[in-house]
Amino acid sequence: MNGPDEPGDEHWVDPEIIRPYVVTRGRTRPAHGRFDLISMALAVGPPPGPEAGLDPEHLRILRLCREPKSVAEIAAHLNLPAGTIRVLLGDLFDRELVSAQEPQSEVDMRDMKLYRAVLDGLRSL
């Protein structure tokens, strides 16, 4: 017989699922923007104060994005799934706290820095 915290219990939920669900308040997609793994995010303007009412994860993203970062890099740094990062970036984008650069078509992607940043982010996962 399984204990109350073991996988066989009908009420058991994997903690790896709970945290992202709570962080995004159950949302699975950003309200605006696509935010592919290689989309680049950059914090704009001065850092918001406590009155902004942002969650700790939002603030961590803003600190990371003082320099452009890909969704993959942000996910690796925060140890959260890319889908969760997409939702959080959407929140920040809606508040005009980050700018986002969607990936260019493959024909135009010649910037080795971008490829290196994405690969480094993926390796960190």
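Biologist: Let's start with Leu-119. Where is it found?
Modeller: Leu-119 is found in helix H5, which covers residues 112-124. Helices are DSSP runs of H or I with at least four residues, strands are DSSP runs of E with at least two, and both are numbered from the N terminus. Bear in mind that this is a predicted model: local features need pLDDT of at least 70, side-chain atom pairs count only at pLDDT 80 or more, and totals for chains, interfaces and linings use all residues. Residues are numbered from 1 along each chain as its sequence is written, and side-chain values use heavy atoms, with hydrogens and water left out.

Biologist: OK. What does Leu-119 count as, in terms of accessibility?
Modeller: Partly exposed, because Leu-119 has 44% relative accessibility. Buried means under 20% relative accessible area, exposed means over 50%, and partly exposed is in between (1.4 Å probe, protein chains only).

Biologist: Which residues make the nonpolar surface patch?
Modeller: Leu-37, Leu-119, Leu-122 and Leu-125 make it, and it is about 360 Å². Patch residues need over 30% relative accessible area and no salt bridge; like charges are joined within 9 Å, and nonpolar side chains (Val, Leu, Ile, Met, Phe, Trp, Tyr) within 5 Å. The areas come from the Shrake-Rupley method with a 1.4 Å probe, and for residues only the protein chains shown count as cover.

Biologist: You mentioned salt bridges. How many does the count come to?
Modeller: The count comes to 1 salt bridge, the rule being a side-chain nitrogen of Lys or Arg within 4 Å of a carboxyl oxygen of Asp or Glu. The side chains of Arg-123 and Asp-120 meet in it, at 3.5 Å from N to O.

Biologist: How far along helix H5 are Arg-123 and Asp-120 from each other?
Modeller: They're 3 residues apart in H5, so about one helical turn separates them. Arg-123 is exposed, with a relative accessible area of 64%, while Asp-120 counts as partly exposed at 38%.

Biologist: Switching topic: what's the overall layout of helices and strands?
Modeller: The chain has 5 helices and 3 strands, and along the sequence they follow the pattern α-β-α-β-α-α-β-α. Of the chain's 125 residues, 34% count as buried.

Biologist: In what order do the strands sit in the sheet?
Modeller: S2-S1-S3, in an open sheet with antiparallel pairing. Strands S2 (69-70) and S3 (98-101) each have a single partner strand, so they stand at the edges and one side of each is left without a neighbour in the sheet. Two strands count as paired if DSSP finds at least two bridges between them.

Biologist: How many bridges does S1 have with S3?
Modeller: S1 (residues 40-43) and S3 pair over 4 bridges, while 2 bridges join S1 to S2. Ala-41 stands opposite Ala-100 in S3 and also opposite Lys-69 in S2. Ala-43 has Val-98 in S3 as its bridge partner.

Biologist: Now helix H2. Which of its residues are buried?
Modeller: H2 spans residues 56-64, and Glu-57, His-58, Ile-61, Leu-62 and Leu-64 are its buried residues. Those cover an arc of only 165° around the axis, which puts them on the same side of H2. The arc is taken from the directions from the helix axis to the C-beta atoms. Pro-56 and Arg-63 are exposed on the face turned away from the buried side.

Biologist: What's the relative accessible area of His-58?
Modeller: It's 4%, so His-58 is buried. His-58 and Leu-97 are 39 residues apart in sequence and 9.9 Å apart in space, C-alpha to C-alpha.

Biologist: And H4, how far does it reach?
Modeller: H4 has 13 residues and reaches 18 Å from its first C-alpha to its last, close to the 18 Å expected at 1.5 Å a residue. The expected span is 1.5 Å times one less than the number of residues. Its buried residues include Ile-85, Val-87 and Leu-88.
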